[in-house]
Amino acid sequence: YSWQDLKEHHDMIVFDEVQFFIDPHFDKDIVEIVLNLLSIGTNVVASGLDMDWKGHPFYTTSMLLGMADEVKKLKANCTVSGKPAGKTFKKTQSGGSVELGAHNLYEARSNDFWSF
């Protein structure tokens with residue numbers, strides 16, 4: 001499918017992990033794509049992290065949050081306390097703000113147990 005095909009054949013398009021819709025992972029402007037989809041009446045759902053492990057907002061997520069008609073912030077369980085966790089803790093201080101990994105590199109943390 002091309003983006004044009006998707007626009008013409010679907011009432012809703014869902015994007016996951018929108019924080020990765022940047023170079024070098026994605027070579028198009030996801031914000032522009034979403035604006036185009038919305039302008040022709042296509043419903044768009046996007047999910048992703050709102051900030052990195054240092055507490056800095058992800059550009060694409062923050063732009064899409066600002067455009068959204070509705071925002072739902074979901075929480076994980078803190079790996080230390082079990083409380084609701086809205087932050088990402090990185091187990092090592094190496095690497096950039098975007099480093100692919102799972103539980104071997106990242107943990108969900110509540111505000112009480114989050115630091116960078």
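**Aromatic rings and the charges over them**

Start with Arg109. Its charged end sits over the ring of Phe89, 3.8 Å from the ring centre. "Over a ring" means that NZ of Lys or CZ of Arg is within 6 Å of the ring centre and within 35 degrees of the ring normal. Lys87 does this too: its charged end sits over the ring of Trp114, 5.6 Å from the centre.

A word on the source. This is a predicted model, where local features need pLDDT of at least 70, side-chain atom pairs count only at pLDDT 80 or more, and totals for chains, interfaces and linings use all residues. Residues are numbered from 1 along each chain as its sequence is written, and side-chain values use heavy atoms, with hydrogens and water left out.

Now ring against ring. Rings of Phe, Tyr and Trp (its six-membered ring) pair if their centres lie within 6.5 Å; planes under 30 degrees apart are stacked, over 60 edge-to-face, the rest tilted. That rule gives two aromatic pairs. Phe15 and Phe21 pair edge-to-face, 5.6 Å centre to centre, with 90 degrees between the planes. Phe21 and Phe26 make a tilted pair, at 4.7 Å and 55 degrees. Together, Phe15, Phe21 and Phe26 form one aromatic cluster.

Buried or exposed? Buried is under 20% relative accessible area, exposed over 50%, partly exposed in between (1.4 Å probe, protein chains only). Phe15 is buried, at 5%. Phe21 is buried as well, at 16%. Phe26 is also buried.

Last, confidence. pLDDT is the predictor's confidence in each residue, from 0 to 100. The chain's mean is 86, and 89% of its residues reach 70 or more.
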